[in-house]
Amino acid sequence: MALSTNKFSETEAEGSRKIRISKEPDERRQEIVETALELFSEKGYENTTIQDIAERMNVSPGLCYRYFKSKTDIFAATSEFYAIQAVEQMKIPISQDIPAVEKLNLVINRMFDFSVSHHEFESRYNECSSIRAILLDDVAYQWMSVMIPIIEQGMIENTFSCKNATRTAQFLISGLIHTFHAEMPEENAKEYMQSFFDFTQDMLVRVLGIKID
């Protein structure tokens, strides 16, 4: 039986020879993004260099530049990847047999659990505000698409008291998601998230007119 062999390529980096396994372009690009996510979380955007990312991957910086023109491009791709993960959490199917209030609690808890589990990156998210604003708008739009049917269900069940589900969702989600990130501290992010979670629950009760037994 013949043994399978790995294909290797060699690159020169600052006088030292590094060995890396050849990977498909999409796989290598994703590796750069996920490595950058780790480093941006640990060190922040300003304190992370492309050299840092390359060293963590054990490749030359030139390989990173094959896929991204600059660190800003890497941060944009990293933020997009993070936003996609957040949206996937929101869109996990929910049983249609449960009341709207329970669905609402489930979606809110999923979002905050996801944020807390990535609090290091969340606390550094303000460092590139122009990229952040674009991606937060997209996350807010995706979140609204999940929330509108829940609000409509609550109106039918007479547990939510509002006149327009779409406008209410826009008002709530856009306001909450941008305020959440605008006030995010670099230190004690978890504590901030818990306090904002409590604030969000209070706002949902008030804006939706949720009837609590």
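Which residues are buried in α5? In this helix, A100, K103, L104, V107, I108, R110, M111, F112, F114 and S115 are buried, where buried means under 20% relative accessible area, exposed over 50% and partly exposed in between (1.4 Å probe, protein chains only). The model is a predicted one, in which local features need pLDDT of at least 70 and side-chain atom pairs count only at pLDDT 80 or more, while totals for chains, interfaces and linings use all residues. Residues are numbered from 1 along each chain as its sequence is written, and side-chain values use heavy atoms, with hydrogens and water left out.

The protein contains nine helices and two strands, taken as DSSP runs (helices H or I, at least four residues; strands E, at least two) and numbered from the N terminus. Their order from the N terminus is β-β-α-α-α-α-α-α-α-α-α. Of the 213 residues in the protein, 44% are buried.

Helix α5 has 18 residues and spans 26 Å from its first C-alpha to its last, close to the expected 26 Å at 1.5 Å a residue; the expected span is 1.5 Å times one less than the number of residues. Within α5 lies L104, which is buried, with a relative accessible area of 2%. L104 and M147 are separated by 43 residues in sequence and by 7.6 Å in space, C-alpha to C-alpha.

Helix α1 (residues 25-43) has 19 residues and reaches 26 Å between its first and last C-alpha, close to the 27 Å expected at 1.5 Å a residue. The buried residues of α1 are R28, I32, V33, T35, A36, L37, L39, F40 and S41. Just after this helix, G44 adopts a positive phi of about 90 degrees.

F40 also belongs to an aromatic cluster, together with Y45, F75, Y82, F114 and F121. Over the whole structure, 13 aromatic pairs are found, a pair being rings of Phe, Tyr and Trp (its six-membered ring) with centres within 6.5 Å; planes under 30 degrees apart count as stacked, over 60 as edge-to-face and the rest as tilted. The charged end of K71 sits over the ring of Y45, 4.3 Å from its centre, by the criterion that NZ of Lys or CZ of Arg is within 6 Å of the ring centre and within 35 degrees of the ring normal.

A search of the whole structure gives one cavity of 30 Å³ or more, a cavity being a set of points on a 1 Å grid over the protein atoms alone where a 1.4 Å probe fits but cannot get out. The lining comprises 18 residues, of which M111, S115, I177, F180 and H181 lie nearest the centre of the cavity; lining residues have an atom within 4 Å of a point. Two or more lining residues come from each of α4 (71-90), α5 (100-117), α7 (129-157), α8 (165-182) and α9 (189-208). By class, the lining has 14 nonpolar, three polar and one charged residues, with Ala, Val, Leu, Ile, Met, Phe, Trp, Tyr, Cys and Pro counted as nonpolar, Asp, Glu, Lys and Arg as charged, and the others, Gly among them, as polar.

Most residues other than glycine have a negative phi. N58, not a glycine, has a positive phi of about 65 degrees and is located in the loop between α2 (50-57) and α3 (61-67). Its relative accessibility is 40%, so N58 counts as partly exposed. N188, in the loop between α8 and α9, likewise has a positive phi, near 55 degrees. N188 counts as exposed because its relative accessibility is 54%.

Conventions. 1 Å grid on protein atoms, 1.4 Å probe; cavity = no way out; pocket = protein on both sides within 12 Å on 5 of 7 lines; lining within 4 Å. Points joined across faces, edges and corners; volume = space filled by probe spheres on them.
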